[in-house]
Amino acid sequence: MKITFLGTGVAIPQKDRVQSGVLMEFGENKVLFDCGGGILNRIFESGVLHTEIDTIVLSHLHLDHVADVMCLLKANWLCDKLDSVIYGPVGTQEWLERLMDIYPYMKEKVNVEVREVAAGEVFELTDGCIVQCADGIHSVPSLGCRVQYDGKVVVYSGDTEPCDCIMELAQDADLLIHECSFPLDFPMTNHATPDMLRPYLEGSGISRVYLTHLYPHMQGHEEEALEYIKEKFEGEVHIASDLMEVEL
Ligand SMILES: [Zn+2]
Ligand SMILES: [Zn+2]
């Protein structure tokens, strides 16, 4: 399994971090988890052809996670790739239909199947890749995903406060990609900070954690976050950056 962090930022622009997107490769199959603004260009920069991506999993429908979805569909259409599947939380079907109504030329050309998924659901995403979802705690419905392939487990949190539901998915995972929007001791709900996250990591059996979805407020506080978490967490912890690749 190969993971490429395409975008590790948020809705506020900042240097070197575009909005949210993680590419996971399961053998020949490529799946994009979230597709915020800037991700289409990062796909190009990663060396992957956008036409190889026909499966997208959306954690939730905030703009910084979906802004490039239509752009990717259009780029694929222009290159004769018409079919795709989008997984997402409740509301994804209506969201896409309304966008397609605004762009009727897209509606006529592309063939997108939407599959809304709910917490607790388990499904085969691509050959041999099993996904289980759980609800995050966010300002809109947001899903975390446990992805199992070839004996390895990766969990992607989406946007959420650290919470039991998603951390139960992450128990003993090989890799956890968890949002860490704000720095230590930043008063926050609906997102994570290092002090909110650390108690969930202690004793979790997770091997490696990558922190992503960093607000500009985190700039200059990255090392502090890592040191704080390492004091009590026995696994590896890293700050993700755009175009960083991880092999499992
Ligand atoms: Zn969000
Ligand atoms: Zn977000």
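Start with V90. Beyond its neighbours within four places in sequence, V90 contacts E116, V117 and P141, where contact means heavy atoms within 4.5 Å.

Quick ground rules. This is a predicted model, with local features needing pLDDT of at least 70, side-chain atom pairs counting only at pLDDT 80 or more, and totals for chains, interfaces and linings using all residues. Residues are numbered from 1 along each chain as its sequence is written, chains are lettered from A and ligands numbered from 1 in the order written, and side-chain values use heavy atoms, leaving out hydrogens and water.

Back to V90. It sits in the loop between β5 (83–88) and α4 (92–102); helices (H or I, at least four residues) and strands (E, at least two) are DSSP runs, numbered from the N terminus. V90 counts as exposed because its relative accessibility is 56%. The cut-offs: buried is under 20% relative accessible area, exposed over 50%, partly exposed in between, with a 1.4 Å probe and protein chains only.

Now the zinc ion (ligand 2). Which protein donors does it have? They are D64 (OD), H65 (NE2), D159 (OD) and H213 (NE2), 2.1 to 2.2 Å away. Donors are N, O and S atoms within 2.8 Å of the metal (3.2 Å for Na, K and Ca); water is not among the atoms, so sites may look incomplete.

The zinc ion (ligand 1) lies 3.5 Å from the zinc ion (ligand 2), and D159 coordinates both. D159 counts as buried, because its relative accessibility is 2%. H213 is buried too, at 2%.
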